[in-house]
Amino acid sequence: MPAARELKPGLWHWEAPHPEWRASEPWDQSVSSYAVDDGERLVLFDPIAPPSDIDELAAARETAIVLTSPWHERDTQSLVERHDVPVYTSLPDSAQYLMDTYGITAEQAGDGSPDLVWLLRENKGEARPYVAGDRLPVGAEVFPGHKPNDNVLWLESHRAVVAGDTLADFGEGPAINTRWLTGGVTREDVAEGLRPLLERPVELLLATHGGPFDRAALERALS
């Protein structure tokens, strides 16, 4: 596993192969994770297979994990088990949401999405749920993404935007991919909710599928 690279002071990036990737997926097998370190606090974003230098920092800092969506938990559970850190996340899809959105039965919907069961139902860690519009105490402002529980984060401290599935790179740069839109949401709806980011002094787009990218890539994605 290669070491993380420092994009700017205190902002780290690394990649690792996603263990559940299949050749039919539109995204690349290697996915990105990021970390922000201010010397006292370390914040990990959608962490997968953290390199040893990042794992050592997690043990030495006041550490927290932020997920862009509940299904981007990746290696969150193992980090919580090792370092006892809180997890900021939006909540998984409820059974009612699944029935309303995908037209499935109550039996098929069950208890809702199984994402983060260990954290939210089995209480094996500290969950700190958030929604679009929140300002997280770890220094992230939450913007709405392409689904109610897939969000985009603004990190003023590093002039960076963190995005999961909402702005993913499928080989042609980050974009709002219409194949993942549901519930009557249009591409323009998503872009409109994110364009206020262009009023911020964004320098980097930290996509967790691909990335990192520059401001121009964000501008193209939201045009």
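Which residues lie nearest the centre of the largest pocket? H18, E20, W27, W71 and H72 do.

## Basis of the model

This is a predicted model: local features need pLDDT of at least 70, side-chain atom pairs count only at pLDDT 80 or more, and totals for chains, interfaces and linings use all residues. Residues are numbered from 1 along each chain as its sequence is written, and side-chain values use heavy atoms, with hydrogens and water left out.

Helices (H or I, at least four residues) and strands (E, at least two) are DSSP runs, numbered from the N terminus. Buried means under 20% relative accessible area, exposed over 50%, and partly exposed in between (1.4 Å probe, protein chains only). Contact, or touching, means heavy atoms within 4.5 Å.

## The largest pocket

The largest pocket holds about 630 Å³ of space. Its lining has 22 residues. By class, the lining has seven nonpolar, five polar and ten charged residues.

The terms are as follows. On a 1 Å grid over the protein atoms alone, a pocket is an open set of points where a 1.4 Å probe fits, with protein on both sides within 12 Å along at least five of seven lines. Lining residues have an atom within 4 Å of a point. Grid points are joined across faces, edges and corners, and the volume is the space filled by probe spheres set on the points. Ala, Val, Leu, Ile, Met, Phe, Trp, Tyr, Cys and Pro count as nonpolar, Asp, Glu, Lys and Arg as charged, and the others, Gly among them, as polar.

## The loop between β5 and α2

T68 sits in the loop between β5 (62–66) and α2 (76–83). T68 is buried, at 0% relative accessible area. Its contacts beyond four places in sequence include D46, S90, Y130, N149 and D150. N151, L153, V162, A163 and G164 are also touched by T68. The T68 side chain makes a polar contact with the side chain of H72, at 3.4 Å. A polar contact is a pair of N or O atoms within 3.5 Å; within protein, one must be able to donate a hydrogen and the other to accept it, and residues adjacent in sequence count only if both atoms are side-chain atoms. H72 is also among the residues nearest the centre of the largest pocket.

R74 lies in this loop between β5 and α2 as well. R74 is not a glycine, yet its phi is positive, about 50°. R74 counts as buried, at 15% relative accessibility.

## Helix faces

In α1 (residues 52–60), the buried residues are I54, D55, L57 and A58. They fall within an arc of 160° seen down the axis, so they line one face of the helix. The arc is that of the directions from the helix axis to the C-beta atoms. Exposed S52, E56, A59 and A60 are carried on the face turned away from the buried side. Cover for the buried residues of α1 includes β2 (11–17), β3 (30–37), β4 (41–45), β5 and α2.

Helix α2 buries T76, L79, V80 and H83. Their arc is 100°, so these residues line one face of α2. They pack against β4, α1, β5, β6 (86–89) and α5. D84 follows α2 and has a positive phi, near 55°. In α6 (residues 187–194), V190, A191 and L194 are buried. They cover an arc of only 95°, which puts them on the same side of α6. Their cover includes β9 and β10 (150–155).

## Other sites

E6 is in strand β1 (residues 5–8). E6 is partly exposed, with a relative accessible area of 43%. Its side chain reaches the backbone nitrogen of G10 at 2.8 Å. Not counting residues up to four places away in sequence, E6 touches L11 and W12.

L120 belongs to helix α5 (residues 117–120). L120 is partly exposed, at 27% relative accessible area. N123 lies in the loop between α5 and β7 (126–129). Phi of N123, a residue other than glycine, is positive and near 55°. N123 counts as exposed, at 60% relative accessibility. The peptide bond from G211 to P212 is cis, with omega near 0°. P212 is in the loop between β14 (204–207) and β15 (213–214).
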